[in-house]
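Hello,

Here is the structure I promised to pass on to you. Please have a look at it first, and then read my notes below.

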Amino acid sequence: INFRPYYILGEVGRPGEYPYTDALTVMNAVATAEGFTYRANRRTVFIRGGNEAEERSVRLSPTLRVQPGDTIRIGERIF
């Protein structure tokens, strides 16, 4: 079975489109995209579901899951 890819944008080393795998977490997705940049906000992420029009702000946790078709945006932290 092939799932829709997910997308990761913003303050990561290599933003782009990646293949979805079962039980994928946001932390795994960030690691796949070569990690956070030094400016990344490591507390909050923005997620827009594949069928949603608006993104939502979510507190980052080790168990936060990614769904097929999600767009994850890692914002810039405020100094």
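**Notes on the model**

E34 is exposed, with a relative accessible area of 54%; here exposed means over 50% relative accessible area, buried under 20%, and partly exposed in between, computed with a 1.4 Å probe on protein chains only. This is a predicted model, in which local features need pLDDT of at least 70 and side-chain atom pairs count only at pLDDT 80 or more, while totals for chains, interfaces and linings use all residues. Residues are numbered from 1 along each chain as its sequence is written, and side-chain values use heavy atoms, with hydrogens and water left out.

**E34 and its partner**

E34 is found in the loop between helix 1 and strand 3. Helices (H or I, at least four residues) and strands (E, at least two) are DSSP runs, numbered from the N terminus. The phi angle of E34 is near 70 degrees, a positive value in a residue other than glycine. A23 is found in the loop between strand 2 and helix 1 and is partly exposed at 38% relative accessibility.

E34 also forms a salt bridge with R14, with the closest N and O atoms 3.8 Å apart. A salt bridge here is a side-chain nitrogen of Lys or Arg within 4 Å of a carboxyl oxygen of Asp or Glu. R14 lies in the loop between strand 1 and strand 2 and E34 in the loop between helix 1 and strand 3, so this pair ties together parts that are 20 residues apart in sequence. R14 itself counts as partly exposed, at 42% relative accessibility.

**Other salt bridges**

By this rule the count comes to 4 salt bridges. One of them joins R39 to E11, with 3.4 Å between the closest N and O atoms. Since R39 sits in the loop between helix 1 and strand 3 and E11 in the loop between strand 1 and strand 2, the pair ties together parts 28 residues apart in sequence. R39 is partly exposed, with a relative accessible area of 33%, whereas E11 counts as buried at 13%.

Another is the pair E55 and R73, whose closest N and O atoms are 2.4 Å apart. This pair links distant parts of the chain, with E55 in the loop between strand 3 and strand 4 and R73 in strand 5, 18 residues apart. E55 is partly exposed, with a relative accessible area of 38%, and R73 is partly exposed at 30%.

The model has an open sheet of 5 strands in the order 2-1-5-3-4, with mixed pairing. Strand 2 (16-18) and strand 4 are the edge strands, each pairing on one side only. Two strands pair if DSSP finds at least two bridges between them.

- Strand 1 (residues 6-10) and strand 2 pair in the antiparallel sense over 3 bridges, and Y6 has Y18 as its bridge partner in strand 2.
- Strand 1 and strand 5 run parallel and are joined by 4 bridges; I8 has I72 as its bridge partner in strand 5.
- Strand 3 and strand 5 run antiparallel and are joined by 5 bridges; the partner of V45 in strand 5 is I74.

**The core**

Which residues have the most contacts inside the largest nonpolar core? They are Y6, I8, V26, V45, I72 and I74, in a core of 20 residues. Such a core is a set of buried Ala, Val, Leu, Ile, Met, Phe, Trp, Tyr and Cys residues joined through side-chain atoms within 4.5 Å. Strand 1, helix 1 (26-32), strand 3 (40-48) and strand 5 each supply at least two residues of this core. Setting aside residues up to four places away in sequence, V45 touches V26, R56, S57, V58, L60, L64, R73 and I74, where contact means heavy atoms within 4.5 Å.

**A residue to look at: D70**

D70 is found in the loop between strand 4 (56-59) and strand 5 (71-76). D70 is buried yet has no salt bridge, and the nearest side chain of opposite charge, R56, is 5.5 Å away. For charge, Lys and Arg count as positive and Asp and Glu as negative, while His and the chain ends are not counted. Leaving aside neighbours within four places in sequence, D70 is in contact with P5, Y6, Y7, I47, R48, G49 and G50.

Best wishes
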